[in-house]
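Colleague: Hi! Could you walk me through this one in plain words?
Modeller: Happy to, let's look together.

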Number of protein chains: 2
Amino acid sequence: MADTASTRDRLLDAFEQVLIAHGSRAATLDAVAAAAGVSKGGLLYHFKNKAALEAGQHARLRALGEADIAAMRAAPEGAAEYYLAESVSSGGALDRALIASARLAEDAGEQDTVLDDLRAAWYDVLLAELGDPALAHVIQLIGDGMYYNAVAGSRDEGALEHAREILSRLRG
Amino acid sequence: MADTASTRDRLLDAFEQVLIAHGSRAATLDAVAAAAGVSKGGLLYHFKNKAALEAGQHARLRALGEADIAAMRAAPEGAAEYYLAESVSSGGALDRALIASARLAEDAGEQDTVLDDLRAAWYDVLLAELGDPALAHVIQLIGDGMYYNAVAGSRDEGALEHAREILSRLRG
DNA sequence: GTCTATATTCTGATAGAC
DNA sequence: GTCTATCAGAATATAGAC
């Protein structure tokens, strides 16, 4: 029901899109309102100031991230496989929210802990499955690396296959 | 000779520092000039506009990066060890330049290729030493992951030790 | 080379009409 | 709920004094 998305949700979508495509400097109230097809006044009805818009973005990431962690715990292929596969940016809602919040986090001095919290939760699940702190840590770093490359827009073909191959060597 | 650094260099130092500490949104001409201890007019004598200041930052990274690639080729401990050790943010000149340029790159749509160029060069050196595309690729992803955490401002204790341990398992 | 003063445009935010 | 009009302050940049 993309057509029936609330204006509030469309504003958050637009904020994400501008953050991802053009960075935080470009994500002004004017630009976000225009991308969402509303006026600046319309935006400010839903989010009383820019801090509220940023908080809305972080809250969206938190909800998506917590759902993902539950899915990772339940993944039949195992948490490590699941984690690596999802770290390849697929343009999904979680990817987009992660990139957008990461860009905001660079400007604001540690105002929202969602990124740190999610990272810690993913690590816990990896460690519970693998039972090896060094391996769990390195799997997370590989995921971060794939995520970094996706954000930078670099084509990084074969990353997932290569990561899977190395993972199997380490487990075998 | 930090005391005898030229005003131009002090301005680039200040730009880096503000970018790293507070992000690109905070790195205004006023803030950079103040951090360097000069007036805005003084800054604009050395860099005629903001784009020139950003170009100066990217040029500084390119010079440091090319020197690093030469050092990596010559490293007695091997390129992979050298690469992982330097990927841990140590506050060195290269680290700082890398983080600063990465923050600028998010705002500007691929105007300077220095980050992509350096990444490709590092991969070439890793592959030449390791002779294994999957392993070279994964080592670079681990470095990217450590670098991503530095850009994001997270602390990530034990990353280097864990990466070294996994590397030795893979080589052994 | 560096500063002050100023012009211009952008940004966040408010008030009130519809 | 959404829009337009408007404002204060910030940001980039220029001109010219020293």
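Modeller: Below we go from the fold to the interface and then to two residues.

Modeller: This is a predicted model, where local features need pLDDT of at least 70, side-chain atom pairs count only at pLDDT 80 or more, and totals for chains, interfaces and linings use all residues. Residues are numbered from 1 along each chain as its sequence is written, chains are lettered from A and ligands numbered from 1 in the order in which they are written, and side-chain values use heavy atoms, with hydrogens and water left out.

Colleague: How many helices and strands does chain A have?
Modeller: Chain A has nine helices and zero strands. Helices (H or I, at least four residues) and strands (E, at least two) are DSSP runs, numbered from the N terminus.

Colleague: And what share of chain A is buried?
Modeller: Of its 172 residues, 47% are buried. Buried means under 20% relative accessible area, exposed over 50%, and partly exposed in between, using a 1.4 Å probe and protein chains only.

Colleague: Switching topic, how many residues of chain A are in contact with chain B?
Modeller: 38 residues of chain A are in contact with 38 of chain B, where contact means heavy atoms within 4.5 Å.

Colleague: How much area do the two chains bury between them?
Modeller: Chain A and chain B bury about 3400 Å², with 55% of it on carbon and sulfur atoms. A:Arg25, A:Glu106 and A:Tyr148 supply 23% of the area that chain A buries against chain B, more than any other three residues. Buried area is the accessible area (1.4 Å probe) that two parts lose on being put together, summed over both.

Colleague: What is the count of salt bridges between them?
Modeller: Ten salt bridges link chain A and chain B. In one, the side chains of A:Arg169 and B:Asp132 meet at 3.1 Å, N to O. A salt bridge here is a side-chain nitrogen of Lys or Arg within 4 Å of a carboxyl oxygen of Asp or Glu.

Colleague: Is B:His137 buried or exposed?
Modeller: B:His137 is buried, because its relative accessible area is 5%. It sits in helix H8 (residues 133–152) of chain B. Not counting residues up to four places away in sequence, B:His137 touches several residues, including A:Asp156, A:His162 and B:Tyr123.

Colleague: And where is A:Arg62?
Modeller: A:Arg62 is in helix H4 (residues 50–74) of chain A, and it is partly exposed, with a relative accessible area of 28%. Leaving aside neighbours within four places in sequence, A:Arg62 is in contact with A:Asp112, A:Thr113, A:Val114 and A:Asp117.
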